[in-house]
Amino acid sequence: MARTMDANPLDPRTSPYRPDLAATALRHVVAAPRYADPRPMEVVADLAPVLAEPDPGAGLVTQALFGESVAVYEDRDGWSWVQLGTDDYIGYLRSSDLG
């Protein structure tokens, strides 16, 4: 669980935070060394696996479909850390699957 500034824990499946980064909207809820504003994008692949880590062998969180909106919080080394617009799930997509 994230270290929140109040007694209510956040659901890590649907709340954009990690130990090193959190959404700017969570600035007064989650302590993080840095915060990021979401950058809106869309899935351009027919089907894009959303993974737990930026690694092709990581566990599958869910899948994103063509045209689905995502909020990108970080894009690094060919991977984007995103929150899906349909179900709010958080995970990693290949950056090439977004446009």
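Which side chain makes a polar contact with the side chain of Ser80? The partner is Ser95, and the two side chains meet at 2.9 Å. The model is predicted, and every value here is computed from it.

Start with Ser80. Ser80 sits in strand β7. Its relative accessibility is 1%, so Ser80 counts as buried; the cut-off for that class is under 20%. Setting aside residues within four places in sequence, Ser80 is in contact with Val72, Glu74, Asp75, Gly91, Tyr92, Leu93, Ser95 and Leu98.

Now step back to Gly78. Gly78 belongs to the loop that links β6 (69-76) to β7 (79-84). Its relative accessibility is 40%, and therefore Gly78 counts as partly exposed. That class runs between 20% and 50%. Beyond residues up to four places away in sequence, Gly78 touches Leu93, Arg94 and Ser95. Gly78 and Leu10 lie 68 residues apart along the chain. Their C-alpha atoms are separated by 28 Å.

How many aromatic pairs does the model hold? The count is one, where ring centres must lie within 6.5 Å to pair.

Methods: Residues numbered from 1 in each chain as written. Predicted model: local features only at pLDDT ≥ 70, side-chain atom pairs only at ≥ 80, totals over all residues. Heavy atoms only, no water. Phe/Tyr/Trp six-rings, centres within 6.5 Å; stacked < 30°, edge-to-face > 60°. Helix = DSSP H or I, 4+ residues; strand = E, 2+ residues; numbered from the N terminus. Buried < 20%, exposed > 50% of the residue type's maximum accessible area, 1.4 Å probe, protein only. Contact = heavy atoms within 4.5 Å. Polar contact = N/O pair within 3.5 Å; in protein donor to acceptor, adjacent residues only side chain to side chain.
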